[in-house]
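Subject: Structure handover

Hi,

Here is the structure I promised to pass on. Please open it alongside this note, and read the two together.

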2 protein chains.
Amino acid sequence: MGASKAAKAATHERILDIAAARIRSDGIEGLAVADLMKEAGLTHGGFYRHFDSQEQLVAEAAQRALVQGSEWTVAAGRHGGRQGYANLVDAYLSATHRDHPESGCGIAGIAADVARTSGPARTSYTRQVRECLRIVADLLGELDEDDAEREAALTVSALVGAITITRALGDSDISRRLLTDVRAALKERPSKD
Amino acid sequence: MGASKAAKAATHERILDIAAARIRSDGIEGLAVADLMKEAGLTHGGFYRHFDSQEQLVAEAAQRALVQGSEWTVAAGRHGGRQGYANLVDAYLSATHRDHPESGCGIAGIAADVARTSGPARTSYTRQVRECLRIVADLLGELDEDDAEREAALTVSALVGAITITRALGDSDISRRLLTDVRAALKERPSKD
DNA sequence: GTTGCAAGATGATGCTCGTCATCCTCAGAA
DNA sequence: TTCTGAGGATGACGAGCATCATCTTGCAAC
């Protein structure tokens, strides 16, 4: 069943995308080579034509998960200012995002796993957090620089914390209430009324 | 090597404590029965004299991890008011807490694992989050009730988020900066200056 | 002191998973 | 059209793990 170069590249991308999604929903430990390949429509044998080891796959998939997940903040950055900030908060703290980690923010999705690894995933993670903090600080640019940095740190922490907690809670009253409360608190905050 | 009732109870407690610690540092998947028993000074065989299955152990250990970790907020509640709030924020967002999840807050430590389970751990988790929110809201009691609820939601989310992110970052400049920034932002916040 | 019972040790079993050796089959060059 | 290289399939191996059967040993009741 030999394949062309284009087909191989497509397969490689497919495996990576699926791995990036599964890592966010099931964690790094939850990623099994055989399952992954089956989900890609292949069998386990061909895996090592694409990656040297599972460890290498995890490193690449973690990076991809982080980059894909960063489109949250990038999209918000496009709008800019207070409106972009509000859009980011509403989209991030939605039930949809809570219930679909596989296509969600990587900073929240793989934090626990990165904390338990000593591999290169930590480097990718750090870069992504830096970028995320910078973008949010820009959205809050009306304040002076130090204030913006602090507010960005608080915002990002609250976003990640709320999503992390509500994912553990599942879909319930407190879960929904926590999301709406944090949304409200974040949006009324930077304007010290 | 038969043991007395007291000895059995002590062993049971020891296993549970170790499991509660390991769950927080290595995750639920990282808990191996043989390793756990070895750490307790025993071999794997005796495990089933204490627990029906690993699943049951995990359920009990998760609950214990949550209760042990709740002493953060309980201690803060003892002081009460603005002082208790500041103490909680400083202790929670310390490098020590970041670097020692095994003895830290369970809400942050096992969130990702609970999100991936459908077992009874979710019930314990929900109860603990409720209690945590209530205690923090009490600390902010100067505000009216709705405000206090929103502020508590923001505070708890930010605490958990910051610890989660910084654990993934490890010990680095951004990690330390994020901790100090969130500490400062949280402490200057409820007093709308 | 004798005996029954249960904690804990030892070893076995079966499953899951990562990895590799080997075979098959088609894309692309000659 | 033929040949060859590589993508992918199949099957096997070994490690790690949860679980259980069985044996040993000391506590507790008589």
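Leaving aside its neighbours within four places in sequence, which residues is B:L57 in contact with? They are B:I15, B:L16, B:A19, B:L31, B:L36, B:F47 and B:F51. Keep in mind throughout that this is a predicted model.

**More on B:L57**

B:L57 sits in helix α3 of chain B, which covers residues 54–69. Its relative accessibility is 0%. Buried means under 20%, so B:L57 counts as buried. B:A20 is 37 residues away from B:L57 along the chain. Their C-alpha atoms are separated by 9.4 Å.

**Chain A overall**

Chain A has 11 helices and 0 strands. The C-alpha trace of chain A spans about 65 × 35 × 30 Å along its principal axes. The chain has 193 residues, and buried residues make up 50% of them. Now take the contacts in chain A between residues at least 6 apart in sequence. Of these, 68% join residues at least 24 apart.

**Helices α1 and α3 of chain A**

Helix α1 of chain A runs over residues 5–26, and helix α3 of chain A over residues 54–69. Their axes come within 8 Å and cross at roughly 75°. α1(A) and α3(A) are therefore roughly perpendicular to each other. On the α1(A) side, the contact is made by A:H12, A:E13, A:I15, A:L16, A:D17, A:A19, A:A20, A:I23 and A:R24. On the α3(A) side, the residues are A:L57, A:V58, A:E60, A:A61, A:A62, A:R64, A:A65, A:Q68 and A:G69. By class, this contact of α1(A) with α3(A) has 10 nonpolar, 3 polar and 5 charged residues.

- A:A20 lies in helix α1 of chain A. At 0% relative accessibility, A:A20 counts as buried. Leaving aside its neighbours within four places in sequence, A:A20 is in contact with A:A61, A:R64, A:A65 and A:Q68. A:E60 is 40 residues from A:A20 along the chain, and their C-alpha atoms are separated by 8.4 Å.
- A:H12 is also in helix α1 of chain A. Beyond its neighbours within four places in sequence, A:H12 is in contact with A:H50, A:F51 and A:E60. A:G80 is 68 residues from A:H12 in sequence and 35 Å from it in space, C-alpha to C-alpha.
- A:T11 is found in helix α1 of chain A too. A:T11 is buried, with a relative accessible area of 13%. Setting aside its neighbours within four places in sequence, A:T11 is in contact with A:L42 and A:H50.

**How the two chains meet**

What rotation superposes chain A on chain B? A rotation of 180° does it, with 0.0 Å of shift along its axis and an RMSD of 0.0 Å. That is the relation of a two-fold axis. Of the interface residues of chain A, 100% are also interface residues in chain B, so the copies meet through the same surface.

Helix α10 takes part in this meeting from both chains. In chain A and in chain B, helix α10 covers residues 145–169. The two helices pack at an angle of about 95°, with their axes 6 Å apart. α10(A) and α10(B) are therefore roughly perpendicular to each other. From α10(A), the residues in this contact are A:L154, A:V156, A:S157, A:A158, A:V160, A:G161, A:A162 and A:I165. They meet B:L154, B:V156, B:S157, B:A158, B:V160, B:G161, B:A162 and B:I165 in α10(B). The residues of the contact divide into 12 nonpolar, 4 polar and no charged.

**The nonpolar core**

The largest nonpolar core has 115 residues. Those with the most contacts inside it are A:L93, A:Y125, B:L93 and B:Y125. The largest share of this core, 13 residues, comes from α10(B).

B:Y125 has contacts in both chains.

Best wishes

Key: Residues are numbered from 1 along each chain as its sequence is written. Chains are lettered from A and ligands numbered from 1 in the order in which they are written. This is a predicted model: local features need pLDDT of at least 70, side-chain atom pairs count only at pLDDT 80 or more; totals for chains, interfaces and linings use all residues. Side-chain values use heavy atoms; hydrogens and water are left out. Copies are superposed by least squares on the C-alpha atoms of residues with pLDDT of at least 70 in both. Contact means heavy atoms within 4.5 Å. Axes are lines fitted to C-alpha atoms, for helices over the stretch in contact, and angles run from 0 to 180 degrees between N-to-C directions. Helices (H or I, at least four residues) and strands (E, at least two) are DSSP runs, numbered from the N terminus. Angles under 35 degrees count as roughly parallel, over 145 as roughly antiparallel, 65 to 115 as roughly perpendicular and the rest as oblique. Ala, Val, Leu, Ile, Met, Phe, Trp, Tyr, Cys and Pro count as nonpolar, Asp, Glu, Lys and Arg as charged, and the others, Gly among them, as polar. A nonpolar core is a set of buried Ala, Val, Leu, Ile, Met, Phe, Trp, Tyr and Cys residues joined through side-chain atoms within 4.5 Å. Buried means under 20% relative accessible area, exposed over 50%, partly exposed in between (1.4 Å probe, protein chains only).
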